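Subject: Structure for you to look at

Hello,

Here is the structure I promised to pass on. Please open it beside this email and follow along.

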Amino acid sequence: PANLQRLSSWPHLVNTWYLVTAAALCATNRSAEIPTLYTYVIQKSNSEDRRQLTTRMREALFKTAPLVGLPRAINALTALANVTSAENRDTAAGRPIIDTWEARKEEIDRGKSHWNTTYGKVAPRVQEQMVYAGGSDLWTYVLEHVYAPVLSYDCLLYTSPSPRDCS
């Protein structure tokens with residue numbers, strides 16, 4: 001708890017310290033510490049914020065899957081689920097169902113934009129390297145299954161209105 005208190009007081013991480021900490025615990029395969037972190041965060045919050053805090057932590061852990069591997073993400077999400085009370089579970093929170101071609105195109109465009117923002121001026125070179133190394137399958141997988149639906153979806157992590165429409 002002393003370390004958590006110190007982390008929660010860092011000025012640059014005021015609203016995100018627990019998300020960064022959860023992702024770091026997941027990445028370092030220390031999922032057994034997720035319940036301690038979650039309990040600390042929930043105890044320090046008011047009851048109205050708890051469901052949103054739970055959703056945000058779950059989303060942060062979900063986003064680690066493509067970066068640190070599914071087994072670690074599954075372990076961390078399971079550790080979180082095991083200590084989450086029924087009233088703090090938001091079963092409706094999640095990505096919208098993509099049921100039209102237009103919605104799918106928007107999702108892919110969002111993923112491509114996120115890719116370009118992440119890699120900046122070297123984005124085309126990294127994409128070409130992926131096509132060279134893994135054929136078009138690797139690039140297609142990364143764009144359509146990682147960047148578009150997972151990494152670029154930011155509606156669950158914002159505490160204030162998202163800069164884009166999330167309805």
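From the N terminus on, the elements run α-α-α-α-α-α-α. That makes 7 helices and 0 strands. Please keep in mind that this is a predicted model.

**Confidence**

The average pLDDT of the chain is 87. At least 70 is reached by 89% of the residues. Where is confidence lowest, and where is it highest? The lowest mean, 71, belongs to helix H1 (residues 2-8). The highest, 96, belongs to helix H5 (residues 70-83). Where pLDDT is low, the predicted coordinates should not be read in detail.

**The chain as a whole**

The chain has 167 residues, and 35% of them are buried. Now take contacts between residues at least 6 apart in sequence. Of these, 67% join residues at least 24 apart.

**Helix H2 and what follows**

Helix H2 spans residues 17-27. Which of its residues are buried? They are Trp17, Tyr18, Leu19, Thr21, Ala22, Leu25 and Cys26. After H2 comes Asn29. Its phi is positive, near 60 degrees.

**Ser45 in its loop**

Look next at the loop between helix H3 (34-44) and helix H4 (50-68). Ser45 is found there. Is Ser45 buried or exposed? Its relative accessibility is 15%, so it counts as buried, the cut-off being under 20%. A polar atom of the Ser45 side chain lies 3.0 Å from the backbone oxygen of Ile42. Ser45 is also in contact with Arg50 and Leu53, leaving aside its neighbours within four places in sequence.

**Salt bridges**

How many salt bridges does the structure hold? There are 5. Here are some of them.

- Arg30 and Glu33 form one, with their closest N and O atoms 2.4 Å apart. Glu33 is partly exposed at 33% relative accessibility. Arg30 is partly exposed too, at 44%.
- Arg104 and Glu107 form another, at 2.5 Å from N to O. Both lie in helix H6 (residues 101-119), 3 residues apart, about one turn of the helix. Arg104 is partly exposed, with a relative accessible area of 21%. Glu107 is buried, with 9%.
- Lys105 and Asp109 are also joined by a salt bridge, the closest N and O atoms being 2.9 Å apart. These two lie in helix H6 as well, 4 residues apart, about one turn of the helix. Asp109 is partly exposed, with a relative accessible area of 40%. Lys105 is partly exposed at 37%.

Why does spacing along a helix matter here? An α-helix has 3.6 residues a turn, so residues three or four places apart point the same way.

One more point on Arg104 and Glu107. Together with Glu144, they are linked in a network of salt bridges.

**Aromatic pairs**

The structure holds 5 aromatic pairs. One of them joins Trp115 and Tyr119. Their ring centres are 4.3 Å apart, and the planes make an angle of 35 degrees, which is tilted. Trp115 and Tyr119 are 4 residues apart in helix H6, so about one helical turn separates them. Is Trp115 buried or exposed? Trp115 is buried, with a relative accessible area of 1%. Tyr119 is partly exposed, with 31%.

Trp115 also pairs with Trp139. This pair is edge-to-face: 4.9 Å centre to centre, with 70 degrees between the planes. The pair links distant parts of the chain. Trp115 sits in helix H6, and Trp139 sits in helix H7 (residues 123-151), 24 residues apart. Trp139 counts as buried, at 10% relative accessibility.

Which residues do the ring pairs link into a cluster? They are Trp115, Tyr119, Trp139 and Tyr147.

**Where to start**

Begin with Trp115 and find both of its partners described above, Tyr119 and Trp139. Then turn to Arg104 and Glu107, and find Glu144 in their network. Finish with Ser45 in the loop between H3 and H4.

Best wishes

Key: Residues numbered from 1 in each chain as written. Predicted model: local features only at pLDDT ≥ 70, side-chain atom pairs only at ≥ 80, totals over all residues. Heavy atoms only, no water. Buried < 20%, exposed > 50% of the residue type's maximum accessible area, 1.4 Å probe, protein only. Polar contact = N/O pair within 3.5 Å; in protein donor to acceptor, adjacent residues only side chain to side chain. Contact = heavy atoms within 4.5 Å. pLDDT = per-residue confidence, 0-100. Salt bridge = Lys/Arg side-chain N within 4 Å of Asp/Glu carboxyl O. Phe/Tyr/Trp six-rings, centres within 6.5 Å; stacked < 30°, edge-to-face > 60°.
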